Amino acid sequence: MKLLILVALFGLSLSYHNPHTKHGRTSIVHLFEWRWKDIAEECERYLAPNGYGGVQISPPNEHIILSDPWRPWWQRYQPIGYNLCSRSGTEAELKDMITRCNNVGVNIYVDAVINHMCGAGGGEGKHSSCGSYFNTHAKDFPSVPFSAWDFNDGKCNTGSGDIENYNDIYQVRDCRLVSLLDLALEKDYVRGKAADFMNKLIDMGVAGFRVDACKHMWPGDLAAVYGKLNNLNTKWFSAGSRPFIYQEVIDLGGEPITASQYSDLGRVTEFKYGAKLGTVFRKWNNEKLYYLSNWGEGWGFMPSGNALVFIDNHDNQRGHGAGGSILTFWDPRLYKMAVGMMLAHPYGVTRVMSSFRWDRNFVNGKDQNDWIGPPSYSDGTTKPVPINPDTTCGDGWVCEHRWRQIRNMVIFRNVVNGEALVNWWDNKSNQIAFGRGSRGFIVINNDDWNLEETLNTGLPSGTYCDVISGQKEGNACTGKQVSVDGNGRAYFKISNSDEDPFVAIHVESKL
């Protein structure tokens with residue numbers, strides 16, 4: 001009987017690892033701080049036609065509004081309650097967006113903040129995105145409602161009430177993260193309120209959740225919350241489907257709390273992935289691309305089936321949580337190569353970042369403006385995302401997911417999905433190539449000299465369009481062409497001075 005229960009629980013936990021993407025789509029894009037209206041339009045006009053599988057949205061619940069002009073991006077991570085009105089829009093606009101994205105086969109994944117409420121110094125009043133009253137001094141959040149009984153202060157053993165030592169698992173999970181009021185998720189009442197919030201979104205049609213700050217919650221408490229969640233809405237998902245769960249656990253090694261402690265519950269964000277890949281592409285510590293021949297588990301990462309991977313995210317592109325190796329849109333040449341590598345490689349579920357610009361101001365190596373929120377009007381409301389004639393975005397929105405090289409590699413990943421990594425080649429330095437079965441092949445030159453090689457692609461003979469310098473349009477290529485002979489071999493020449501020194505071909509880019 002015990003064995004049967006364990007098997008049943010194991011099967012249930014594995015069900016949270018499935019992102020439920022449709023039509024052979026494989027990648028998620030994080031449309032960071034986008035308005036719901038703009039996401040709905042982007043699903044219909046761009047994401048669905050270009051093979052994106054889903055969107056991670058910013059936290060949709062009511063959050064604190066910090067006084068003008070101080071409207072930082074991180075105010076979204078300071079909940080006041082679970083009403084669904086935020087800087088991104090109203091509950092009606094959220095529901096419309098979820099419906100419209102689902103109707104074109106693009107899933108919605110919600111960034112869920114259930115570890116804490118707002119900061120202890122938030123004061124009292126109605127300065128929330130829904131206008132709800134709250135009082136942080138009394139720990140009173142009547143819109144939920146939460147009271148002083150629902151927080152962990154009595155369990156925290158530090159003088160400040162904040163986490164002071166990350167080697168103490170009790171502090172990390174029972175004390176306040178940077179003064180944010182820490183919820184007592186051991187209480188069934190608190191678990192129920194978190195689950196009610198998530199279930200309302202599931203019933204609206206979301207496919208799952210990125211759960212924020214999981215390192216700061218006990219795995220058993222999270223398991224209890226996930227166990228209360230509804231199955232996905234059968235209007236868009238098959239009967240009995242469990243929500244996709246991917247948990248934020250910053251594990252770069254050296255701490256007692258590890259990602260593996262959460263991987264039975266759902267997927268986990270593999271923070272080592274972007275940190276290590278950034279080091280390799282930057283050639284720091286004499287790292288070389290050819291070291292990537294055993295990329296993935298061979299580098300000490302979690303099993304592929306447990307991992308959600310990314311080159312950068314909204315935190316570490318601002319220098320938070322992973323060191324200075326992280327590649328971002330500020331380093332576009334290396335960034336496109338690293339994202340290309342991620343999307344060509346079979347490890348993990350992949351997430352692409354879509355950012356906004358801000359005016360950086362470095363003092364002693366730290367960006368003093370890393371708090372700046374999304375492009376906004378003078379009253380603090382978020383600006384829409386305008387699309388330029390060349391399909392890029394304007395008004396401060398970066399939209400990396402629309403960059404030709406990244407969009408075409410998202411399609412590449414869809415085409416090669418399920419195929420093994422084959423035909424690895426390297427020059428024992430910073431030139432590498434590999435295939436995915438007989439469906440795709442990528443070549444990357446990150447050396448300071450040209451690449452000129454004839455390589456075994458494993459692809460059928462024919463003429464292929466490189467999807468990095470251009471793409472296939474009708475019966476022609478807008479960029480480079482690659483000729484594969486009857487033995488599957490092709491000659492590649494990539495200059496180290498090319499704007500994008502990598503080439504990718506796949507069976508659907510064949511003329």
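Leaving aside neighbours within four places in sequence, M97 touches W36, I39, A40, I57 and I108, where contact means heavy atoms within 4.5 Å. The model is predicted, so local features need pLDDT of at least 70 and side-chain atom pairs count only at pLDDT 80 or more, while totals for chains, interfaces and linings use all residues. Residues are numbered from 1 along each chain as its sequence is written, and side-chain values use heavy atoms, with hydrogens and water left out.

M97 and I39 are also among the residues with the most contacts inside the largest nonpolar core, which has 132 residues. A nonpolar core is a set of buried Ala, Val, Leu, Ile, Met, Phe, Trp, Tyr and Cys residues joined through side-chain atoms within 4.5 Å; buried means under 20% relative accessible area with a 1.4 Å probe, protein chains only. Because domain 1 (1-416) and domain 2 (421-509) both give residues to this core, the core lies between them. A second, separate core of 15 residues includes F441, A490, F492 and V503.

The two domains, whose bounds come from an automatic or database domain assignment, have C-alpha centres 34 Å apart. Their contact takes 27 residues from domain 1 and 35 residues from domain 2. About 2600 Å² is buried between domain 1 and domain 2, with 62% given by carbon and sulfur atoms; this is the accessible area (1.4 Å probe) that two parts lose on being put together, summed over both.

Next come the open spaces. The largest pocket has a volume of about 730 Å³. A pocket is an open set of points on a 1 Å grid over the protein atoms alone, with protein on both sides within 12 Å along at least five of seven lines, and lining residues have an atom within 4 Å of a point. Of its 23 lining residues, W73, L177, V178, D315 and H320 are the closest to the centre of the largest pocket. By class, this lining has 12 nonpolar, 6 polar and 5 charged residues.

The second largest pocket has a volume of about 300 Å³. Its lining of 19 residues has N316, Q317, R318, G319 and F362 closest to the centre, and divides into 4 nonpolar, 8 polar and 7 charged residues.

A search of the whole structure also finds 1 cavity of 30 Å³ or more, a cavity being a set of points where a 1.4 Å probe fits but cannot get out. The volume of the largest cavity is about 50 Å³.

Notes
Grid points are joined across faces, edges and corners, and a volume is the space filled by probe spheres set on the points. Ala, Val, Leu, Ile, Met, Phe, Trp, Tyr, Cys and Pro count as nonpolar, Asp, Glu, Lys and Arg as charged, and the others, Gly among them, as polar. Buried means under 20% relative accessible area, exposed over 50%, partly exposed in between (1.4 Å probe, protein chains only).
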